[in-house]
Amino acid sequence: MTFDSPTIFRADGERIDSTTTLRFRGRDDLLSSLARAGFAGSEVRDLPYAPGRGWLVVAQAPPES
């Protein structure tokens, strides 16, 4: 599922377009993907406002090279 959401900043009229793709994956697949991308300390928690319905992912980005 893909969403397009343009944003217009009123001060100068500049427009920034954003496209987001929603992907549904299991917890193990998500953690594997983060590890392959170099993320460290990955932790997956239930959403505080919707336990069992979604996750909050906490991970440390890989260092810039």
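1. Surface patch. In this predicted model, a nonpolar patch on the surface is formed by Phe3, Leu22 and Phe24. Together the three residues have about 350 Å² of accessible area.

2. Phe24 sits in the loop that runs between β4 (19–21) and α1 (27–36). Its relative accessibility is 71%, so Phe24 counts as exposed; the cut-off for that class is over 50%.

3. Val44. Strand β5 (residues 40–46) contains Val44. Here the relative accessibility is 10%, and Val44 is therefore classed as buried, the limit being under 20%.

4. Surroundings of Val44. Leaving aside residues up to four places away in sequence, Val44 touches Arg27, Leu31, Trp55, Leu56 and Val57. For one of these, Leu31, the C-alpha atom is separated from that of Val44 by 8.2 Å. Val44 and Leu31 are 13 residues apart along the chain.

5. Salt bridge. How many salt bridges does the model have by the rule applied? The count comes to one. The side chains involved are those of Arg45 and Glu43, with an N to O distance of 2.8 Å; the rule asks for a side-chain nitrogen of Lys or Arg within 4 Å of a carboxyl oxygen of Asp or Glu. Side chains of opposite charge can pair when their charged atoms come close.

Key. Residues are numbered from 1 along each chain as its sequence is written. This is a predicted model: local features need pLDDT of at least 70, side-chain atom pairs count only at pLDDT 80 or more; totals for chains, interfaces and linings use all residues. Side-chain values use heavy atoms; hydrogens and water are left out. Patches are made of residues with over 30% relative accessible area and no salt bridge: like charges are joined within 9 Å, nonpolar side chains (Val, Leu, Ile, Met, Phe, Trp, Tyr) within 5 Å. Accessible areas come from the Shrake-Rupley method with a 1.4 Å probe; for residues, only the protein chains shown count as cover. Helices (H or I, at least four residues) and strands (E, at least two) are DSSP runs, numbered from the N terminus. Buried means under 20% relative accessible area, exposed over 50%, partly exposed in between (1.4 Å probe, protein chains only). Contact means heavy atoms within 4.5 Å.
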